[in-house]
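Hi everyone, thanks for coming. I'd like to walk you through one structure this morning, so please have the picture in view while I talk.

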Amino acid sequence: MKLEHYIDGAHVPSASGATFHAIEPATNQVSLTVAAGEAGDVDAAVRAARKAFTDGPWPRMNGEQRAVILRGIAHAVESRDEMIAEVECADTGLPITQARGQARRAAQNFRFFADVISDLGEDVYRVGAAQLNYVVRKPVGVAGLITPWNTPFMLETWKLAPALAAGCPVVLKPAEWSPLSASLLPQIMEEAGLPTGVFNLVHGIGETAGAALVAHPDVPVISFTGETTTGQTIMRSAAAHLKTLSMELGGKSPLVVFEDADLERALDAAVFGVFSLNGERCTASSRVLVERSRYAEFVNRLAERAAKVRVGPPADPATELGALIHPEHYERVMGYVRSGVEEGARLVAGGSRPEGLPDGNFLSATVFADVTAGMRIFQEEIFGPVVCVTPFDGEAEAIELANATQYGLAAYVWTNDLRRAHRLAHSIEAGMLWINSQNVRDLRTPFGGIKSSGVGREGGRHSIDLFTEPHIVHVATEDLPVPRFGVG
């Protein structure tokens with residue numbers, strides 16, 4: 001199968017004819033030949049989007065007019081949700097049951113931002129009776145969207161929906177390891193009646209196509225989700241044109257369990273938080289901190305639960321943990337497993353390829369106990385089905401350990417002490433924190449992290465803020481005194 005770019009309403013190969021191959025994670029066999037975008041292809045896409053911005057109807061529609069088309073996109077996604085799930089399953093190695101959930105969430109993203117833009121009001125301020133001041137939101141221009149490989153279709157829609165809602169034409173650069181589901185978007189956009197040139201898609205390697213998109217002078221805003229070192233490179237490049245940036249980067253999120261917690265529910269959350277989506281999720285609770293009085297029991301029960309996580313072919317509905325995305329990533333994750341053993345952590349579950357799966361990138365659900373803060377597996381993002389468990393004594397040490405990494409994306413606290421829960425919520429360094437809950441999202445709230453986990457927030461009105469410029473208009477409603485100079 002061959003994938004091409006989609007520029008100005010047409011499927012086109014790379015101008016140079018360059019291509020690359022993508023593989024299926026469950027077999028590591030080549031499954032796709034993909035157009036490899038270069039600077040010229042990115043420029044063609046940006047020019048199409050720029051023309052749609054300066055000359056086309058999309059930025060000039062009101063919010064409700066754009067919302068009608070966004071709801072049409074949602075309907076087109078829903079009508080293909082099983083196809084999207086099957087494509088995502090094959091392309092990423094995600095279990096089919098979880099891929100179905102991601103497909104449903106993709107449609108929800110478009111419906112949600114259709115509602116946001118329909119209901120969004122403007123700020124109005126009055127200065128006495130003499131002056132009225134009001135804010136007008138204008139789309140910022142062409143939006144560059146660079147998305148990751150872990151749940152590609154859903155995360156593409158998480159950026160596309162608000163950018164389109166705000167009135168911005170877009171250029172999407174999907175991840176090269178999982179490009180297939182993005183190829184469904186052109187037909188979806190056309191079916192919903194999106195004007196030509198508003199949606200453009202350029203495949204390619206991040207260092208080439210992604211870099212060209214970031215560096216392009218006619219792309220004033222970049223929304224990126226990916227790992228931290230790539231984010232730093234993007235920020236350096238974007239500085240030359242003072243671009244607006246939203247950077248959702250890496251995470252090493254703690255799940256803190258106090259002795260008074262509901263242990264069964266905390267275990268459920270820990271297993272879900274690091275083994276769902278193959279552990280390839282930015283908000284994975286990959287560090288579990290347990291109060292010492294419950295530590296041994298928690299470790300034993302977590303190891304038992306991990307051993308029962310069903311690893312298997314992604315297309316099998318019984319599979320709970322599928323194949324990791326790529327051999328390169330698989331080797332990286334296995335390197336962390338070896339590092340954990342070498343540094344003295346206690347491997348209590350998993351750590352190796354399951355029996356009966358000789359091909360593909362499969363790893364059993366892996367649990368390390370007795371992990372200390374100085375170990376690599378405690379400090380660095382693994383992005384796989386590997387969890388580290390560490391004991392703590394008291395609230396102060398729990399906070400110290402929770403904050404002892406460069407990351408600050410998410411955190412999870414399990415305790416039945418309400419005052420303690422609020423103290424930790426204010427003391428743990430994270431952009432998002434859940435109390436007695438797994439990662440249950442509210443799309444209205446700001447999503448993002450601090451420290452090395454990113455810059456900016458997306459979600460609800462915060463996403464619209466990213467893709468619009470506020471213009472303030474001051475209107476005198478009666479004559480105001482004007483200072484008089486040079487009249488004698």
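Let me start with a term: when I say contact, I mean heavy atoms within 4.5 Å. With that in hand, among contacts in the protein chain between residues at least 6 apart in sequence, 73% join residues at least 24 apart.

Before going further, some ground rules. This is a predicted model, where local features need pLDDT of at least 70 and side-chain atom pairs count only at pLDDT 80 or more, while totals for chains, interfaces and linings use all residues. Residues are numbered from 1 along each chain as its sequence is written, and side-chain values use heavy atoms, with hydrogens and water left out.

Now the overall picture. The protein chain has 15 helices and 23 strands; these are DSSP runs numbered from the N terminus, with helices being H or I of at least four residues and strands being E of at least two. Its radius of gyration is 24 Å, close to the 23 Å that the globule rule gives for 488 residues, so the chain is as compact as a globular protein of that length. That radius is taken over C-alpha atoms, and the rule is 2.2 Å times the number of residues to the power 0.38. Along the principal axes, the C-alpha atoms fill a box of roughly 85 × 60 × 40 Å. Of the 488 residues, 56% count as buried. Buried means under 20% relative accessible area, exposed means over 50%, and partly exposed is in between, using a 1.4 Å probe and protein chains only.

Let's go to strand β11, residues 221-225. 5 of its 5 residues are buried, so β11 is largely enclosed by the rest of the structure. Which way do the side chains go? V221, S223 and T225 point one way, and I222 and F224 the other.

What does β11 pair with? Strand β8, residues 143-146, pairs with β11 in the parallel sense over 4 bridges, and G144 stands opposite I222. Strand β12, residues 244-248, also pairs with β11 in the parallel sense, over 5 bridges, and there S246 is the bridge partner of S223. Pairing here needs at least two DSSP bridges between the strands.

UniProt, in an unreviewed entry, places the feature "active site" at E248. UniProt positions are given in the numbering used here, feature names are shortened, and annotations may be inferred rather than shown by experiment. Is E248 buried or exposed? At 9% relative accessibility, E248 counts as buried. Not counting residues up to four places away in sequence, E248 touches F224, T225, G226, C282, L409, F447 and S453.

Next is N200, found in strand β10, residues 199-201. N200 has 0% relative accessibility, so N200 counts as buried. A polar atom of its side chain lies 2.8 Å from the backbone oxygen of G197. A polar contact is a pair of N or O atoms within 3.5 Å; within protein, one must be able to donate a hydrogen and the other to accept it, and residues adjacent in sequence count only if both atoms are side-chain atoms. Leaving aside neighbours within four places in sequence, the contacts of N200 include Y6, D8, A45 and V171.

There is also an open sheet of 3 strands, in the order β1-β5-β4, with mixed pairing. β1 (2-3) and β4 (19-24) stand at the edges with a single partner strand each, so one side of each is left without a neighbour in the sheet. β1 runs parallel to β5, residues 29-35, and 2 bridges join them. Across that pairing, L3 stands opposite V34.

To finish, a backbone detail. Most residues other than glycine have a negative phi, and most peptide bonds are trans. F383, though, has a positive phi near 60°. F383 sits in the loop between α12 (376-379) and β17 (386-392), and is buried at 15% relative accessible area. N436 has a positive phi as well, near 50°. N436 is in the loop between β20 (432-435) and β21 (450-451), and at 23% relative accessibility N436 counts as partly exposed.
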